[in-house]
Amino acid sequence: MTSLSTPPLAIVEEGIPNAGRRRRGERTTRIRGVRAGKWVYLGLGVVAVSAIFPYYWSFLIGSGNASTINDPDMSWIPGGNFFANALSVVNDPAVNFWLALWNSIFSSTVIAASVVVFSTLAGWAFAKLRFRGGKWLLAFVVATMAVPMQLGVVPLYILFADLGWTGHIGAIIVPSLTSAFGVFWMTQYLSQTVPDELIEAARVDGASMIRTFWTVGVVAARPAAAMLFLFTFVGAWNQFFWPFIVLDRQSPTLPVALSLLQSNYFVDYSIVLAGVLLATIPLLILFAFAGRQLVSGIMAGAVKG
């Protein structure tokens, strides 16, 4: 006779031999199944080597001289000319390195911040506000992602030429102030993260829609906004096609300035790749400081998904 003080789980386990041990064994097996095996680490190692190798190759060529890239007996140990080649890039009057670096930092920061602000506002409206034609308007915004930028280069250049903006940094900032991908990204994130009951509770407490957006939407959207800022900053930093067309040599961005290192008849790839590595240093610093937000944004999206 089982006493009344016996837990219900123990009563069930009395009639099933080794039920408690089986249950604990299943739990242990389930936990062990989450742990990464040697093949996972091997795959991650291959991915890490594949990602690091282009930087090492660039540093290997950038630390040599003009004949290093064509040397069949090239050593895989870096040479000692990297700093000399980097100084050649920085001191080259045709490159105007420091102005190009400032233009890239300024334009990429403004573009990324603007995309985050407008995308968060539009994403909140599409995700949590009910208005006529909202779904069709969101579908139209997403459909614009299928239109390549090259189709609008000619009329866009004519527009900025009429405004007198060609050659100015504003010509690459204004067309990129919004992003269809950013709107879609924030819409999907906010629709899954913020429950409608939380918004209704804020409205019952007397909060306006702007106050609700600021206290609820902005707080919930921080991880996704951090990821969007990083991706947009990197995309704006690496943009070459439109800045190469609309800017001049007196006010270039960094990718455009590095293209000036190539002459008509001879290209010193040791200097070019040294300049490329210099251009990646700000991105590495940005990812080093914002890496935690990037991981938290990915994990939050995975949990909500």
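Analyst: A crossing is left-handed if the near helix is turned anticlockwise from the far one by less than a right angle, and right-handed if clockwise. The model is predicted: local features need pLDDT of at least 70 and side-chain atom pairs 80 or more, while totals for chains, interfaces and linings use all residues. Residues are numbered from 1 along each chain as its sequence is written, and side-chain values use heavy atoms, without hydrogens and water.

User: Which hand does the crossing of α9 and α12 have?

Analyst: The crossing of α9 and α12 is right-handed. Helices here are DSSP runs (H or I, at least four residues), numbered from the N terminus.

User: Why are α9 and α12 called roughly antiparallel?

Analyst: Their axes cross at roughly 160 degrees and come within 10 Å. Axes are lines fitted to C-alpha atoms over the stretch in contact, with angles from 0 to 180 degrees between N-to-C directions. Angles over 145 degrees count as roughly antiparallel, so α9 and α12 receive that description.

User: What makes the contact between α9 and α12?

Analyst: With contact meaning heavy atoms within 4.5 Å, α9 contributes Phe181, Gly182, Trp185, Met186 and Tyr189, and α12 contributes Pro223, Ala224, Ala225, Met227 and Leu228. These residues divide into nine nonpolar, one polar and no charged. Nonpolar covers Ala, Val, Leu, Ile, Met, Phe, Trp, Tyr, Cys and Pro; charged covers Asp, Glu, Lys and Arg; the others, Gly among them, are polar.

Key: Helices (H or I, at least four residues) and strands (E, at least two) are DSSP runs, numbered from the N terminus. Angles under 35 degrees count as roughly parallel, over 145 as roughly antiparallel, 65 to 115 as roughly perpendicular and the rest as oblique.
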